[in-house]
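Subject: Structure for your review

Dear colleague,

Please find the structure below, handed over for your use.

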Amino acid sequence: MLTAVDHVQLAAPPGSEDRLRAYYAGVLGMTEIPKPPALAARGGCWFQAGAVQLHLGVEDGFRPARKAHPGLRVTGIEAYAARLAERGAQVTWDDNLPGHRRFYSEDPVGNRLEFLEPAG
């Protein structure tokens with residue numbers, strides 16, 4: 001029986017870790033968490049905010065996820081979108097999900113991310 005999503009892994013090109021840290025920690029406000037030593041040698045980085053973990057793994061021949069994406073629940077979506085925009089991230093609002101406010105953004109390597117909050 002499934003009980004929860006443990007993490008979501010996204011791919012990234014080799015050598016992109018500094019840009020990923022700047023975005024996931026600096027823009028999104030997540031905390032970088034250490035990778036186990038056996039996995040750290042592969043590159044990439046892991047981030048956490050509350051119970052949410054995103055793992056960014058290095059992939060040769062990387063192509064960003066344009067349609068597939070994690071949907072990240074936020075509180076105070078207007079302020080959160082403003083935070084991203086103030087830090088130079090693209091914010092694209094989408095009103096097509098009934099009962100929710102949501103927007104999309106992209107990380108610095110082009111992966112699509114969805115941010116949503118149930119409407120009051």
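Throughout this message, two residues are said to touch, or to be in contact, when they have heavy atoms within 4.5 Å of each other. The structure is a predicted model, in which local features need pLDDT of at least 70 and side-chain atom pairs count only at pLDDT 80 or more, while totals for chains, interfaces and linings use all residues. Residues are numbered from 1 along each chain as its sequence is written, and side-chain values use heavy atoms, with hydrogens and water left out.

I begin with two charged residues. Lys35 sits in the loop between β2 (31–33) and α2 (37–40); helices (H or I, at least four residues) and strands (E, at least two) are DSSP runs, numbered from the N terminus. Lys35 is buried and has no salt bridge. Here buried means under 20% relative accessible area, exposed means over 50%, and partly exposed lies in between (1.4 Å probe, protein chains only). A salt bridge is a side-chain nitrogen of Lys or Arg within 4 Å of a carboxyl oxygen of Asp or Glu. For Lys35, the nearest side chain of opposite charge is that of Glu17, 7.2 Å away; Lys and Arg count as positive and Asp and Glu as negative, whereas His and the chain ends are not counted.

What does the side chain of Lys35 have within reach? A polar atom of this side chain lies 2.5 Å from the backbone oxygen of Gly43, and one lies 3.2 Å from the backbone oxygen of Leu39. Not counting residues up to four places away in sequence, Lys35 touches Ala40, Gly43, Gly44, Cys45 and Trp46. Leu39 itself belongs to helix α2 and is partly exposed, with a relative accessible area of 26%.

Arg112, in strand β8, is likewise buried without a salt bridge, and Asp94, its nearest side chain of opposite charge, is 5.5 Å away. The side chain of Arg112 reaches the backbone oxygen of Lys67 at 3.3 Å. Beyond four places in sequence, the residues that Arg112 touches include Ala65, Lys67, His69, Pro70 and Tyr104.

The next topic is the nonpolar core, meaning a set of buried Ala, Val, Leu, Ile, Met, Phe, Trp, Tyr and Cys residues joined through side-chain atoms within 4.5 Å. The largest such core has 25 residues, of which Tyr23, Tyr24, Leu28, Leu84 and Phe115 touch the most other members. Two or more residues each come from β1 (8–12), α1, β3 (45–49), β4 (52–58), α3 and β8. With neighbours up to four places away set aside, Tyr24 touches, among others, Leu10, Phe47, Leu54, Leu56 and Asp107. Leu56 lies in strand β4 and is buried, with a relative accessible area of 1%.

Finally, which residues of helix α3 (residues 77–86) are buried? They are Ile77, Tyr80, Ala81 and Leu84. These residues cover an arc of only 100° around the axis, which puts them on the same side of α3; the arc is that of the directions from the helix axis to the C-beta atoms. Their cover includes α1 (17–27), β6 (92–94), β7 (100–106) and β8 (112–118). The face turned away from the buried side carries the exposed residues Ala79 and Glu86. After α3 comes Gly88, whose phi is positive, near 90°.

Yours sincerely

Note on methods: A polar contact is a pair of N or O atoms within 3.5 Å; within protein, one must be able to donate a hydrogen and the other to accept it, and residues adjacent in sequence count only if both atoms are side-chain atoms.
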